[in-house]
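Visitor: Please walk me through this one. Keep it brisk.

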Amino acid sequence: MAGEKRPGPRMTIPVQLVLRTLLAEPTQEMYGLQICAAAGLPSGTIHPILARLQGLGWLESRWEDAVPQEEGRPRRRYYKLTEDGAERARIALAQAATSVTALGLRPRPAGGLA
Amino acid sequence: MRAVSGGSTRAFDRAYTRILDLASVLDRAFDLAIDRVLDLAIDFDLARVRIVANRRRREASRVAPAAGRLVVAAAARLLPTRERARYAEEFRSELWEIAHAGGRRRAQLAYAARQVMSAWRLRAELRVPRRRGAAR
């Protein structure tokens, strides 16, 4: 199995929006709701996409290190593109037949939610 | 005349002494008043700091309504067993983020409802990697 390249995800508009959002700052970790807001997607659509990308190895996730009692809020689950995932996402987006920009669906700038 | 003059001088001295005593008392009273005002100002500042701290603590501990939490818990129960705890916590965290950002009860319930509606898709996605034998 090592080195085997699994096929990429179906490049639907929401998938493209999520990938574009994550590629805007590939090294920055973002939590689900933050990605949603930045990509301009409704909250219900994001987790299946993130799970798909993570299953493909394009994405990695982790719980934040902060202690909830100290932060005064529940801990966040952060997502980030893997190195390989970022590369493959760039290629997939370039190859995607559908142009997100042409449809007028541009990702909003990241940081919509604190 | 001297006796009168001497008596007048003593009277003047006594009056002068009383005035000095009175001035001293007033001076001390003034100092005490200043101290009291400063104490009150410090108390007021401390009270204000306490009020702000309490407000921040209330905001920080603001939790999503029970209904929202129940609905996201239900959404998590629709997922594969090994993923339930993770997503239940993640949904709760996001629900809290919505509440903390000022999202009203309706927005929180809408978020929770969307998680339930998309749970079957998430469930399907979570089962795919296992079928492929991908490491998670």
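Guide: Helices here are DSSP runs of H or I with at least four residues, numbered from the N terminus. The model is predicted.

Visitor: Which helix of chain A is A:Leu17 found in?

Guide: Helix α1 of chain A spans residues 13-24. Position 17 falls in that run, so A:Leu17 is found in α1 of chain A.

Visitor: Does A:Leu17 count as buried or exposed?

Guide: Buried means under 20% relative accessible area. A:Leu17 has 5% relative accessibility, so this residue counts as buried.

Visitor: How far apart in space are A:Leu17 and A:Leu93?

Guide: In sequence, A:Leu17 and A:Leu93 are 76 residues apart. In space, C-alpha to C-alpha, the separation is 9.7 Å.

Visitor: In what order do the elements of chain A run?

Guide: Chain A holds 5 helices and 3 strands. Read from the N terminus, the order is α-β-α-α-β-α-β-α.

Visitor: What share of chain A is buried?

Guide: The chain has 114 residues. Its accessible surface is about 5,700 Å², with 51% from carbon and sulfur atoms. The buried share of its residues is 47%.

Visitor: How many helices and strands does chain B have?

Guide: Its elements, from the N terminus on, run α-α-α-α-α. The tally for chain B is 5 helices and 0 strands.

Visitor: What share of chain B is buried?

Guide: Chain B has an accessible surface of about 9,800 Å², and 60% of that belongs to carbon and sulfur atoms. Of the 136 residues in chain B, the buried share is 24%.

Visitor: Among contacts in chain B with a separation of 6 or more, what percentage joins residues 24 or more positions apart?

Guide: For chain A, the corresponding figure is 65%. For chain B, it is 67%.

Visitor: How are α3(B) and α4(B) oriented, roughly parallel or roughly antiparallel?

Guide: Helix α3 of chain B covers residues 81-100, and helix α4 of chain B covers residues 105-117. Their axes come within 9 Å and cross at roughly 155°. Angles over 145 degrees count as roughly antiparallel. That makes the pair α3(B) and α4(B) roughly antiparallel.

Visitor: What classes of residue make the contact of α3(B) with α4(B)?

Guide: The crossing is right-handed. From α3(B) come B:Glu90, B:Phe91, B:Glu94, B:Leu95, B:Ile98 and B:Ala99. From α4(B) come B:Ala107, B:Gln108, B:Tyr111 and B:Gln115. By class, the contact has 6 nonpolar, 2 polar and 2 charged residues.

Methods:
Residues numbered from 1 in each chain as written. Chains lettered and ligands numbered in written order. Predicted model: local features only at pLDDT ≥ 70, side-chain atom pairs only at ≥ 80, totals over all residues. Heavy atoms only, no water. Axes fitted to C-alpha atoms, helices over the stretch in contact; angles between N-to-C directions. Helix = DSSP H or I, 4+ residues; strand = E, 2+ residues; numbered from the N terminus. Parallel < 35°, antiparallel > 145°, perpendicular 65-115°, else oblique. Left-handed = near helix turned anticlockwise from the far one by under 90°. Contact = heavy atoms within 4.5 Å. Nonpolar A, V, L, I, M, F, W, Y, C, P; charged D, E, K, R; others polar. Buried < 20%, exposed > 50% of the residue type's maximum accessible area, 1.4 Å probe, protein only. Areas by Shrake-Rupley, 256 points an atom, 1.4 Å probe, with all protein chains shown as cover.
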